[in-house]
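Notes follow in the order in which I looked things up.

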Amino acid sequence: MNEISCALLVVGAGPGGYVCAIRAGQLGVDTVIVEKDRPGGTCLNVGCIPSKALIHAADEFEKARLWAAGPSPLGISVSAPKLDLARTIRWKDHIVGRLNNGVAGLLKKAGVKSVAGRARFRDGKTVEVETETGPLLIRAGQIVIATGSVPVELPSLPFGGPSGNGKVISSTGALALAKLPETLAVVGGGYIGLELGTAFAKMGTKVTVVEATDRILPLYDAELTKPVGKRLKELGVTVMTGAKAKGLSPKKDALLVETGAGDKRVAADHVLVTVGRRPATEGWGLEEIDLDMAGRAVRVDDQCRTSMRGVFAIGDVTGEPMLAHRAMAQGEMVAEIVAGHRRAWDKRAIPAICFTDPEIVSVGLSPEEARATGREIKVGQFPFGANGRAMTKLAEDGFVRIVARADNHLVLGIQAVGNGVSELSAAFGLAVEMGARLEDVAGTIHAHPTQGEAFQEAALKALGHPLHI
Ligand code: FAD
Ligand code: NAD
């Protein structure tokens, strides 16, 4: 068997793994990365990037459809638009392909050796990779586990088809449909269910969301999700809460759903199951090295060290929150630790964004979470209905909210819901990360007219003297 050795071996080239390898390479660490699929992981190939491409296409299509349907207040009229989904998917794949090449190029530029194939642990220092040309043994000084996550499958609704592209589909299948479904039942009203469910509804599919808890997006507070619920209604999406999918009807033309008011049938060309993702810890020898686990996830400390010396784990394989930028931040930190830097992981300022319509952003603590710490807090909230830029974009639904300590005005958290607020997450993250006070946000000159002004106004409101409300 062929053998190579290296100082650092990274298993998995998703956002966690490839960022870790690039940074380690930049720091002169002799690094090898192993990937069984295409570089970029879930995020680049079947997650963040392709889903946002589809969401953008759906937004544009819906806008044109609305303009075609009647006189637009903007004075624009167009004839009925048509959607060629196969072309949309090709465009999405083209973006993914460009980024695949980009990641491969960045790894090369950083001096990282890429190995294509599935890795399998032999012991805490040795990994065997099935490559196209036969098995390869890699001996490494240190190893980073960055194998990500896979979609949770419901026993009553197993994914069909080789890549989940049968009747019952995962997000991967939904991002590669050849034909727009007339009807789509979405099981799970969380991130993926609502992001993709909204996109399909905008493209013209009749969407029904089946959510087990009593409201959509239970991870976010109800005030933040209210505008999303309202918009889903406008788009004709049926939301069934407190409902559980039981399986396909005998004829396989509908989803059977258990509700408080008895069982219901939901017509469905496809059933998209989005009930969460689980760490990818099975089938590649992790059990051989007997790491401490936290449920299904690999347990790590604040430096992403596992229970075995010299073995780190980053990203989705370490559990919630499963976000690409969290994986990247952990990857960068671990590379610097391996290169001898003193680093630790500060998780206070990880932004979470839901790319629904409108979008939701949350950084740090919500008012409820801040109160639960036992502190007195100040909360300032400013509506987009009083923001000039939002008015010019027909985007008055939503608000920015800031949460701070009452005694010293330290910003503890910031939330927003509204059109395009994902782009405000950078300013929100910076404020929490730098330990800004309300006065810092209120005293920052925000360009006019921008939606960012609502952030400044929320801080002014918390201080008791907003200017535009
Ligand atoms: P992954 O990206 O899952 O990468 C792991 C890699 O390891 C994979 O390429 C896999 O092939 C490889 N691998 C696994 N086992 C082996 C093995 N034995 N040998 C070799 N290679 C192996 N997050 C956001 O922050 N924003 C978003 O907008 C967003 N949208 C999403 C939309 C969808 C539809 C989905 C499914 C996810 C989305 N996510 C989003 C989540 C995001 O994709 C993940 O949090 C992120 O990809 C995690 O990165 P990772 O590096 O930990 O793992
Ligand atoms: P999720 O955890 O966001 O949502 C799952 C939803 O399914 C929850 O609301 C849950 O109550 C519901 N549910 C669970 N079991 C059910 C059942 N049997 N019947 C009906 N409903 C049920 O999971 P997801 O949407 O699959 O996404 C997985 C992960 O991917 C997310 O947690 C997130 O970390 C990541 N992601 C992030 C983004 C983003 O950052 N914008 C986008 C997509 C995915």
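I started with the shell around ligand 2 and asked which element supplies the largest share of it. Helix α6, residues 191-203, does, with four residues. The model is a predicted one.

I then listed the surroundings: 23 residues surround ligand 2, and I192, E195, E211, M322 and I353 are the closest. Sorted by class, the shell holds 13 nonpolar, seven polar and three charged residues.

Next I looked up polar contacts with the backbone. I192 places a polar backbone atom 2.8 Å from an oxygen atom of ligand 2. For G276, a backbone N or O atom is 2.9 Å from an oxygen atom of the ligand. At I353 the ligand atom is a nitrogen, 2.7 Å from a polar backbone atom. I also noted the cover: ligand 2 on its own has 840 Å² of accessible area, and the protein covers 81% of this.

I looked up its bridge partner in β21 and found V361. Strands β20 and β21 (residues 359-364) run antiparallel and are joined by three bridges. Helix α12 (residues 425-433) packs on the sheet and touches β20, β21, β23 (399-405) and β24 (411-418). The direction of α12 makes about 170 degrees with that of β24. Helix α14 (residues 453-463) also packs on the sheet, touching β22, β23 and β24; its direction makes about 140 degrees with that of β22.

Last, I wrote down the strand order: the sheet is open, with five strands in the order β20-β21-β24-β23-β22 and antiparallel pairing. β20 (352-354) and β22 (377-383) are the edge strands, each pairing on one side only.

Technical notes:
Residues numbered from 1 in each chain as written. Chains lettered and ligands numbered in written order. Predicted model: local features only at pLDDT ≥ 70, side-chain atom pairs only at ≥ 80, totals over all residues. Heavy atoms only, no water. Pairing = 2+ DSSP bridges. Helix = DSSP H or I, 4+ residues; strand = E, 2+ residues; numbered from the N terminus. Contact = heavy atoms within 4.5 Å. Axes fitted to C-alpha atoms, helices over the stretch in contact; angles between N-to-C directions. Near = heavy atom within 4 Å. Polar contact = N/O pair within 3.5 Å; in protein donor to acceptor, adjacent residues only side chain to side chain. Areas by Shrake-Rupley, 256 points an atom, 1.4 Å probe, with all protein chains shown as cover. Nonpolar A, V, L, I, M, F, W, Y, C, P; charged D, E, K, R; others polar.
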